[in-house]
Structures are given as C-alpha cells and as structure tokens.
Protein chains: 2
Amino acid sequence: MMKYPLTLHSIFERAEKFFPKKEIVSRGSHGIFRYTYAQYCRRTRQLGSVLAALGIKRGHRVGTFAWNNHRHLEAYFAIPCYGAVLHTINIRLSTDHIAYIINHAEDDLLLIDEDLVPIIEKVQDQLHTVKAYIIMSDNKDIPRTSLSPAYSYEDLLSEGNPGFQFPDDIGEDEPMGMCYTSATTGNPKGVVYTHRSTYLHTMALGLADSIGVSETDVCMPVVPMFHVNAWGFPFAGVWFGSKQVLPGRAPTPAILADLIEQERVTLTAGVPTVWLGLAKVLREGNHDVSCLRTVICGGSAAPQGLIREYESTFGIPFIHAYGMTESSPIITVSRLKSYQVTLSEEERMDIRAKQGLLIPGVEGRVVRYDGKEAAWDGLDAGELWLRGPWIADEYYKDERTEETFIDGWYHSGDVAVIDEEGTIKLVDRTKDLVKSGGEWISSLDLENALMTHPAVFEASVVGVPHPKWDERPIAFIVVKDEHKGKVTKEEFFTYLEDRFVKWWVPDDILFIDEIPKTSVGKFLKQSLRNQYHGYFISKA
Amino acid sequence: MMKYPLTLHSIFERAEKFFPKKEIVSRGSHGIFRYTYAQYCRRTRQLGSVLAALGIKRGHRVGTFAWNNHRHLEAYFAIPCYGAVLHTINIRLSTDHIAYIINHAEDDLLLIDEDLVPIIEKVQDQLHTVKAYIIMSDNKDIPRTSLSPAYSYEDLLSEGNPGFQFPDDIGEDEPMGMCYTSATTGNPKGVVYTHRSTYLHTMALGLADSIGVSETDVCMPVVPMFHVNAWGFPFAGVWFGSKQVLPGRAPTPAILADLIEQERVTLTAGVPTVWLGLAKVLREGNHDVSCLRTVICGGSAAPQGLIREYESTFGIPFIHAYGMTESSPIITVSRLKSYQVTLSEEERMDIRAKQGLLIPGVEGRVVRYDGKEAAWDGLDAGELWLRGPWIADEYYKDERTEETFIDGWYHSGDVAVIDEEGTIKLVDRTKDLVKSGGEWISSLDLENALMTHPAVFEASVVGVPHPKWDERPIAFIVVKDEHKGKVTKEEFFTYLEDRFVKWWVPDDILFIDEIPKTSVGKFLKQSLRNQYHGYFISKA
C-alpha cells in the first residue's frame, strides 16, 4: 500500500476541487460576509505566500488570536499546509498566561483580530520571540497600534499569490497545531497536534456514529476556534465540503438564533451555557430552527432538563460529546445503541445524559485508585485513561508530562464510572478527590452539601497528606457576615454526619475569610493544599 | 501525539467491549445460525490460538476458500490480529489460477468450506507450500478427503483458548491481507493490504458521505468475502458494531429477499446482477423490505432503469459505488451534492448513474492519452489515476508492477470522464481503447454498433500497431449462420460510416468463425491483438 501521508493538504485540496461553489458565511463588524470555497481556497493560498514572504520557516509557530471568522479559517489551513504550526491562543486567558504561552510556544508571528489588539498591546513588552503582528480587520485601514511591526492582513493578502503551492513533502508526524490548556494551577500546558492526529480526528467527526459531518450539513461551530480547534468542526467542514457559518465576535443567543434561521444551520456545537442562552430566545417562538438536525453539547455536562427542552419543546436532537485539549478533543459521543431505543423515556434520558461511548479509534480504561480496572457497573469510580491516534503523549517542553502520560496512557484526571454497556459518565476530577485509606472521597459532594447550609457563604474541601490514611479531608468555610461568630465547628460536623458515611466527614473544619480563587473565579484549591500540607504530619 | 498503530486489533476489541450483545447471523447448510459478538470474539481468539498451535508465524499467509459465513468472519480477524496474512482466494477462478495464487502467495495453511473441498482436491498435487488444510463444516464430522493433513475447524476450535491474547506489537505497515485480481490475460496479480490501509478504508466506510455504516445498521454483504474483502463491509460491521447477516453459499434472489425481510437488513452491497435478480423477486410483492435504507451497487455500472425501479417502485435508495482490488476497494460513492437535489429527476438520475465523487482520503486524476489532465467537462476522456492511503503501490512479487504503479500513482486502466462537479463516470478500459494519432477510439462503442447489425452474431474490435497512426482499429465479425456468405465488408463499412466520424471507422473488417474467449466467457482481445500484431507493419 502507498506510503501516503495523512496531512491537511488532502483535506484542503478536496474542498478546492469538489466544493468550489459551497459557501462560507462569516459574521463580521459590518454584518454578514459570505464567499465561496473557491475564494476561500485562493485566499488561503495567498496567506501561504505571505508566510513565505515574511520568512516563516517549516516548524515555526504562528499564533492566532481571533474569533470564529473566515480569516481565522484561512489561517487554520494556510499555516499547517505551509508547514508551520497553528498556535490558537485562548483570548480568555489572563494576560500573564497569554504572555507565557506566546513565549513558551516561541511564536514568530501573531495574527490578531482588530478588536483584540488591545489585549496583545498590554503584553507586548513581555513577548520575546514575536517578530511581526498581522492585524485582521473588516475595515480598509487597520487601527493605530503600538504593536510593531504591524501589518494589515488584507493588504498583505492583496499582494499574495492565489496559486501558491504548499510544500508537498510534509510528513504526517510533523506538527500542525498547538493549543494550551487553561490551567487552574500553574502555567498553561501546551499540546502539539500532528497532521496525522488532526487528519484522523477529523475523519472520526465524519463517522455516522460520532457526529456524521456531511456535505449536506450547514455547520456552525459556536465553540471558539481559539479553544481546541473548535472541537475540529472547521477541519471537518472543509474536508466534507459543508457550508460553514462562523458566528464572529461574542455572538449573543439572539444572534445565534438569527444565524441558524437565516443560514439554515443543520449542525452546531458549543457548551451548555450557550444552549441555555439559546433556549431562552427559542422559547419566545420567533425563530424557525427546524433546519437543525443536531446540537452538539460538550465542555461540561448539560442538565437533563435542557436536553429534554431541546428535544421535546423545540424538536432538536441534542447530543452530548466529551473531550479535552489533550485528546484533540472528541473521544465520546452519547448516542443510544440500536437496542436501547425501546427503553422508557426516563432510561433513555439517563443514558443520553452521560458522556457516551468512546468513538471508533479511541481506547479507554477506568482505573480505580488501587490500580484495578473499575467494574462496568455504573458505580465503581476510577480515573479515565485514554490512548489512541489523536491522544497526546506529552505536554510541550513541560516537566509535568511525566505525571500525566504514563506507560503509553494519558491519565485524564477525570473521574468516571462506566456502565455495563460501556457508556462513560464523568463524576469528578481526580485532583478534587481525597484519597483516604484506599478509597476516594469526593470533595465536590462535601462542598455542595456544606454550601446548602444557610450560614455558609462558600466552602471548599481539600485532601491533606495524612500519616495513616494517605490523605484526609479538611473543610474550609467562609461564613456569611450575619452568621459570623454565631456558628460552631460542631454544628457543621453534625450537619455532615447526617449526610455522609462517617469516614467521609472531614477531620477538621476551619473558618477562613476567603477561598483563594483563580483569575476566572474558580476555587484555587492548590493554594489551600500547599498552605495546609503539613497539617496532619506536623501534628502527628 | 501518541504513536498509536492503526491495526485491526482496535477494531476487533471495540466490538468485543462495546457490542457483545449484538448479533451475527450466518446462513449455513442447516439453515440460519446466529450468535452474539461475545461468542464471535471468543471463537476468533480460539482460532488465534489454533494458528499458534499449528506453528503459523507472523507474516505467514493463511488462505481462505469460503463463502460469506460466520467462520469466514472469524478468520477475517483471527488471521490478521494474530499477525498472519489473510489471503482470500476467489473460488470462481479457474483451477489453474487457484493453484497459481496459492503457490505464488506461498500459503502455509488453507481454511476451506466443506462444499468447496473438491475444488482444492483437484489442485492439491500442484500446491507446493500448503502444510495443512482446515475444513469448515456445519456437520459434526468433516467429509472424507484426499487433502492431508486435514483438520476439522470445529474440532480445532473446541481445543482453542477463548482468552488467547493476540500480539500487541504489530505495526500498522505490516501486511494483514491479500487478494488477487481476476486476470483476463496472464496470471492473477496479488495485492497486499496492510493493517493501516484496511483500518483507514474501514473508517472511510463509516463516513456519513460514503456508506455511513453504523451500529444501527443490519449489514448484509452479498458481494463475496472471497472477493476484495466483500468491499470492506465485514470489517466495518465489526468496528461499528452493526448486526451482520452473512448469506452463505450461493444465495438465490429469493433467499436474499427472505433474509432482508426476516433479519430487517438495512444495508446491503453487491453487483448489478444480484439486484436484477432481487428485483424480479420483489416485483412479486411478497416481501416487506421497507427496512432497507440503502442498496450499494458496485462491480459494474447499474442501468438507470434498475436504479429507478428500486427507488420509485420499491422505495429503496440505490447507490453506486466503485473500486477495484488495488484500491481496497472503495474509491467513489455516487451521492448528490446538497445543491443538486433540486435538479430535475432526469438530471439527478444522470448524476447518480455515474460512479460518483472520490470519497475523503482518495486522490484522483483523469489523464488523457497525451499525458494532460482531462478537462472537467464530462466529455474529455482519460485514464483514472489514483493515490491515497488505501491504494496499492505494487503487485506482490510481480514484474507487472512497473506498468501500473508509476511515479506514486496507480494507473487504474479504467477510462473515465469527469464532469464540472468532479463526478467520475467510467467509459471504457484503456486496453479496449485504440490509440490512433493522439486520440482515443472506443472499441466498445464500435462493437456495440456492429452487434446491432442483424447479420452479426458477435463482433470484436482491437487496436493493431500502425506505422503512422500508432494504432488503428480492425473489426472482427462472426456472421450468423443464415447470413454467411451473404454480407460483404463494404456493407459493414457503410454501416459504421453512417454512425461514426471517419477516423473511428476500422481500417479493415475481417470475418472469423469465433471470437476467442476466456474461461468465463469474456472476449479475449489479447489473443486477436497478438495474432494480428504485424497486420499493418508487415503490409507497410
């Protein structure tokens, strides 16, 4: 059989040859912009020639800092087909993290949406490797900026060569892209995708039993292109020749509803918050969204009520998918098996609210704290381990690799149960579990219970090293101002003892003024863990 | 990204883990046999242990000589997962060719369906490498045979280990299977498939825009498992967990109709002859085949009338696909693009009667006789060249490799036109074209015209080397007995001049007693070409 490399070139060229008439629709600052794949492909080749003119070499990193729009889609193919590495930068990271990942990736060039320029201006003095900035604007002139040298994307493209030939000798194991995880502790960790991994992940999105992306689809990724490649939808859309609708800068639910109706979107993907927002708009009944064949929901689990509302009220199939930066990202899709369709509505919903079956190509294990595989009973919890052709085997130049990628398996840090059908359901994060005497205690369950107490403003539970039990939980409580000095430890112990088995109840409860938090408001448990690391050991 | 090999192991293990309850239905000599994937997987592992016990080593060839049944499906995975090479032998070849390919592949072991044993007995004295024969029978005892040593498949399996572990170090580029083309001239040519090529071809069968094989499907491959892996359906069925229906020995159209109705088949695949036969049965109106979502038709082009009958009369979508042994086999599937569905019925049928678009992963060119790419106008004919991850790059130990695999392209020998949408339509075989003065003349068109003449019993046109024009056509006509001596060359020249441009008309017309034919009744044009090789040159 031919040694035919699995690269993005064959994906791009298929659209160029077979789907020149199909459309790409992009919401910009002056409204809807639309063009054909023929025009898209010419501009993508022009961008390739611009990279050459700017001296970008094979393997160089080129960062993008942009919304879901047509220029970003041009960069999605021009950069990897040229042989450089598409580094999509998450615009929602803290400026410190943004500077960190640009420096860590050693980006040579940044492509920046006009309205996001001020963020990069803030960090420009910290950037050590960027040699040029390209500003992507819907206007004729780019704004004044302190970034230097700064070029206009459109000006550069107008000089570019629409017949530019991408190199034909790129190997499938060469890097094509990279993405950093958003970290709650420490710096973000980088994941490098290869041509092969993206090719195979994209193919998997076309499988009837995963998403089934098709030429007949009108695909609208709401999940950002700066976040794990918009789950791979832009690549799939190009390969299979789908019409693509890119909703641009911070689309509101009303804008999404309008786009779905006007462009006859059949397939869209995003996080539960997006679908909660859209549901509000759809409830008003002013939009005909009968065109939608599937809403894909990932990122975190959607409440069953939301799934029900989409399906029963709006008549739109609503499907869970699951994955992470390290897995390209999609690894499960929650569909019923053929013999499950005759179950009761309740049973079917219970299955569909899980994360689903591993899609073809991905292998997984649920491994208990004691190292044994969890029973397939839907109860026995363990960490989800993954391997497969689109699963990472390292963090980019990062010593945290060795904690996470062990003996050929990626240890996801997600705690899951798996039922007798093989359906995976997430229950927790390993770092939020307390490892006590060979068993796991869910800190989230304890926190959720404490937060229902009327005197509690916020509460956090962490595992602290313990000489006998490995770890034991300690609860940290911030009492509401009006209750301060009026509640006691004992009251909370009793409260928890009523609700949990004895060995789950924390060994101590401490009142503090504030739970330390990350820049985006998540509990920074690591800080508490560090501070109380010697709590039991020094006592012992 | 992980260096995760694309091998059949992950396909097999997915069925084992996620679809143990799904069914495999196999038509045997005592009626329908059915079991679950759980049982199938245990028996497949048992067969693996039998291969080990018989001393089969990694890379050894194991031949199968069998119908579409459950034992053959066990061999489909046990042999490659064990690391040996599944050599499916076409039972319809001449005994000379059967002996040739077993010797050429150097098969160590043959697995033979009971009723096919007599064919192998006929050639056993010519076989140089086969060390043992395994007879697959639905009966307790295998028949007496002169093959030696001959074992009973069921006896061996009953001693086998259902927990046998297949080796986990097989590389994706290792061979997993092989298949020989049926040759009209010379010996059959062998094509070796790798784990990687079969993995990727199987994944492509799951794409919504190709066949979309799904867990919800009940797949019945009518195309034989001894012929290009039944177009890959058995592999896809296992990976995606489809219920499989294997129709056994020489199924009649009535048997197929019964199986479709009783097993609720959703997807079936075969050649036009099969669908012509089935149509006859369905016309009687005694079968409910509403379960069928798609009939896949390949091998040769189906007449439009047949497509229409399936769709209009029976309400069954009827889809053309196309491929060959060298391409694993599927390379095109004929589906309408989204904007073609609004065309008139006539226009849609014209598109769907073509071979279709190249499926994702396969690259093609239509190259004219003068070496230029043919215009995408649906008229300009050229040879179809292919490349991609499931396209062969050689014939196994065969010097004919160099005529066919040139500069990274497989020259298919099929003559095609490609329209402005990229849809491929086959028009001829290159070897049946006459290359005259830089242009191609279709011998088939000339033959078809001659055969409409009332005095013609049969006619063949071949290209013969010519000193000035490269080649010129000569027509050979067998006149019907009652017309013998009553028709002249001149009459036929006039007949053709009325129907073709001048330079298409053959330079000579010769009356012969019989057109030489192959064992299966196809015109053996090579014989005429050889005989008349010097016709113009010696004259000149």
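Me: Why is Asp407(B) called exposed in this predicted model?

Reply: Its relative accessible area is 73%.

Me: Where does Asp407(B) sit in chain B?

Reply: In the loop between strand 19 (405–406) and strand 20 (409–418).

Me: Lys397(B) next. Is Lys397(B) buried or exposed, and how do you know?

Reply: Relative accessibility comes out at 55% for Lys397(B). The cut-off for exposed is over 50%, so Lys397(B) counts as exposed. As for its phi, that is about 45°, positive although Lys397(B) is not a glycine. You'll find Lys397(B) in the loop of chain B between strand 18 (382–387) and helix 13 (401–404).

Me: Over to chain A. What makes the peptide bond between Ser148(A) and Pro149(A) stand out?

Reply: That bond is cis, with omega about -5°. Most peptide bonds are trans. Pro149(A) belongs to the loop between strand 6 (132–136) and strand 7 (150–152).

Me: Which kind of peptide bond joins Ser328(A) and Pro329(A), and what is omega there?

Reply: A cis one, with omega about 10°. Pro329(A) lies in the loop that runs between strand 14 (318–323) and strand 15 (330–333) of chain A.

Technical notes. Residues numbered from 1 in each chain as written. Chains lettered and ligands numbered in written order. Predicted model: local features only at pLDDT ≥ 70, side-chain atom pairs only at ≥ 80, totals over all residues. Heavy atoms only, no water. Helix = DSSP H or I, 4+ residues; strand = E, 2+ residues; numbered from the N terminus. Buried < 20%, exposed > 50% of the residue type's maximum accessible area, 1.4 Å probe, protein only.
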